[in-house]
Structure formats: C-alpha cells, structure tokens
Amino acid sequence: MTPIRVAELGVEPVGLPEMRGYLRLDPDDHGEDALIEGLVAAARAGVEAATRRLVRPARFRLMLTAWPAGGVLPLPLSPLVAVTRAGIVGADGLVDEIDTALLRPGPDPWEAPCLLVDPAVPLLMRKAALIEVTAGSGGDGPPVPAPLAQAIRMIVADWFENRGDGAPTGTLVMPPAVAGLLAQHRLMRL
C-alpha cells in the first residue's frame, strides 16, 4: 500500500512576497518571480524528503485488499490530518461509500501517523478499500514548524545566489546550516 498524492490543497509554506523580502529584491523588479516560485517548490520538496514530513497539505489515496490485523494501519504521512473519503470498490469498479467515521487518525499524527480501523467496517470479500486522507502542515493541519519554514528560506536563498556555480552533482545540495534545522524534525524509521 503506497499512498498516492492526488491533490495539493494549500499554498507553499513560504510565499513569494515573503521570499522576495528575505532575498532583499527590488520591489519593482518581478522578472525573477517564476524562478523564485520554482525554487520554493523544489526546496519544500527537499525538506519533505529529508524530514519525511509534509509541509504543504495534500490529499492522498490508498487502496487496501485487506483491513489491517489489529485495526491499526501505519501511514508514512506526517502529520496525518483527516480521513476525507472511504469506500469499497467492487469488481465493476464502482465505489460504495462507507462512513468515514469508521476510519480515524491515531492519537499521534506527528510521530506515529496511522489510521484506526473500527471493527464495524464492512468485510472486503475480494473487493478493495479506497481511502482518501489529508496530510500535511498548513491549511486544516497544524502550522508549519518555524525551523522548517526557515530551512526552506535558507535553501532558496542559497540556490538563488549560487545558481550555475560549481559542477553539477546530480543531487540537490542543501546548505550545511540547514542540516540542524531539519534534523530536529526528521521522522525516524525503525
């Protein structure tokens, strides 16, 4: 079961006006705005990959062929915000909606994101369960942690100032000062 991102729900955690101010750009020159927006999106994706936490809200779809034993379904989506849709998919591809109250986020959406599955869920019996959840900071979720927003600003500033400098490495290189900001928010795996 791999969650599939089906929709972005919110705005980037660092907006264009805020980033322009951080970079101390001329307020009348907007020629680099598209570049800055692209750098913000790339920096946000890098922060999400490094911390295994979502700093922009999104909707994800999951498909299950069996309900989890014990009624707990761990998810790699931190922070997990809400279940927005649940249904049973038949062989004909039609979805019979079920009450989303039968699936709810666990008690710790940050460190142990999971869905708690009520024993009253309908049996799947050679069918599949379709579940859609929202996850991520901002929007309806918890606020973006300040260190992660600052990490995004620092990465964008570094990439903006040093674009084209140095040999390409094939990987995105983050400024060394960002490592400390990200380390305290990294979701660990067992």
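Reader: Why is Leu 77 called buried?

Author: Bear in mind that this is a predicted model. Leu 77 has a relative accessible area of 4%, and buried means under 20%, so Leu 77 counts as buried.

Reader: Where does Leu 77 lie, and what is Leu 77 in contact with?

Author: Leu 77 lies in the loop between strand E3 (72-74) and E4. Setting aside neighbours within four places in sequence, the contacts of Leu 77 are Pro 3, Leu 54, Phe 60, Pro 109, Pro 113, Val 133 and Ala 135.

Reader: Which peptide bond is cis, and what is its omega?

Author: The bond joining Ser 78 and Pro 79, where omega is about -5 degrees. Pro 79 sits in the loop between E3 and E4. For background, most peptide bonds are trans.

Reader: What does Phe 60 touch?

Author: Not counting residues up to four places away, Phe 60 touches Pro 3, Ile 4, Arg 5, Val 6, Leu 54, Leu 77, Ile 131, Glu 132, Val 133 and Ala 135. Phe 60 also belongs to the largest nonpolar core, which has 24 residues. Phe 60, Trp 67, Leu 103, Leu 115, Ile 131 and Val 133 are the ones that touch the most other members.

Reader: Which elements give two or more residues to this core?

Author: Strand E2 (58-64), strand E4 (80-89), strand E7 (114-117) and strand E8 (128-135). There is also a second, separate core of 22 residues, with Ala 43, Ala 149, Val 156 and Phe 160 among them.

Reader: What makes Arg 20 and Asp 33 a salt bridge?

Author: Their closest N and O atoms are 2.8 Å apart, and the cut-off is within 4 Å, so the pair counts as a salt bridge. Arg 20 is in helix H1 (residues 16-23) and Asp 33 in helix H2 (residues 33-51), so the bridge ties together parts 13 residues apart in sequence.

Reader: Are Arg 20 and Asp 33 buried or exposed?

Author: Arg 20 is at 9% relative accessibility and Asp 33 at 13%. Buried means under 20%, so Arg 20 counts as buried, and so does Asp 33.

Reader: What ties Glu 111 to Arg 53?

Author: A salt bridge, with the closest N and O atoms 2.9 Å apart. Glu 111 lies in the loop between strand E6 (103-105) and E7, and Arg 53 in the loop between H2 and E2, so parts 58 residues apart in sequence are tied together. Arg 53 has a relative accessible area of 3%, so Arg 53 is buried.

Reader: How do you know that Arg 85 and Glu 132 meet in a salt bridge?

Author: The N to O distance is 3.8 Å. The limit is within 4 Å, so this pair counts as a salt bridge. Arg 85 is in strand E4 and Glu 132 in strand E8, 47 residues apart, so the pair links distant parts of the chain.

Reader: Why is Arg 85 called partly exposed, and what does Glu 132 count as?

Author: Arg 85 is at 25% relative accessibility. Buried stops under 20% and exposed starts over 50%, with partly exposed in between, so Arg 85 counts as partly exposed. Glu 132, at 5%, counts as buried.

Reader: How many salt bridges does the structure hold, and which residues do shared partners join into one network?

Author: The structure holds 13 salt bridges. The network joins Arg 5, Glu 8, Glu 12, Arg 44, Glu 48 and Arg 56.

Reader: What is the phi of Arg 24, and why is Arg 24 called exposed?

Author: Phi of Arg 24 is near 55 degrees, a positive value in a residue other than glycine. Most residues other than glycine have a negative phi. Arg 24 is in the loop between H1 and H2. Its relative accessibility is 77%, and exposed means over 50%, so Arg 24 counts as exposed.

Reader: What makes Arg 126 exposed?

Author: Arg 126 is at 87% relative accessibility, so Arg 126 counts as exposed. Arg 126 is found in the loop between E7 and E8, and its phi, near 65 degrees, is positive.

Terms used. Residues numbered from 1 in each chain as written. Predicted model: local features only at pLDDT ≥ 70, side-chain atom pairs only at ≥ 80, totals over all residues. Heavy atoms only, no water. Core = buried A, V, L, I, M, F, W, Y, C linked by side-chain atoms within 4.5 Å. Buried < 20%, exposed > 50% of the residue type's maximum accessible area, 1.4 Å probe, protein only. Helix = DSSP H or I, 4+ residues; strand = E, 2+ residues; numbered from the N terminus. Contact = heavy atoms within 4.5 Å. Salt bridge = Lys/Arg side-chain N within 4 Å of Asp/Glu carboxyl O.
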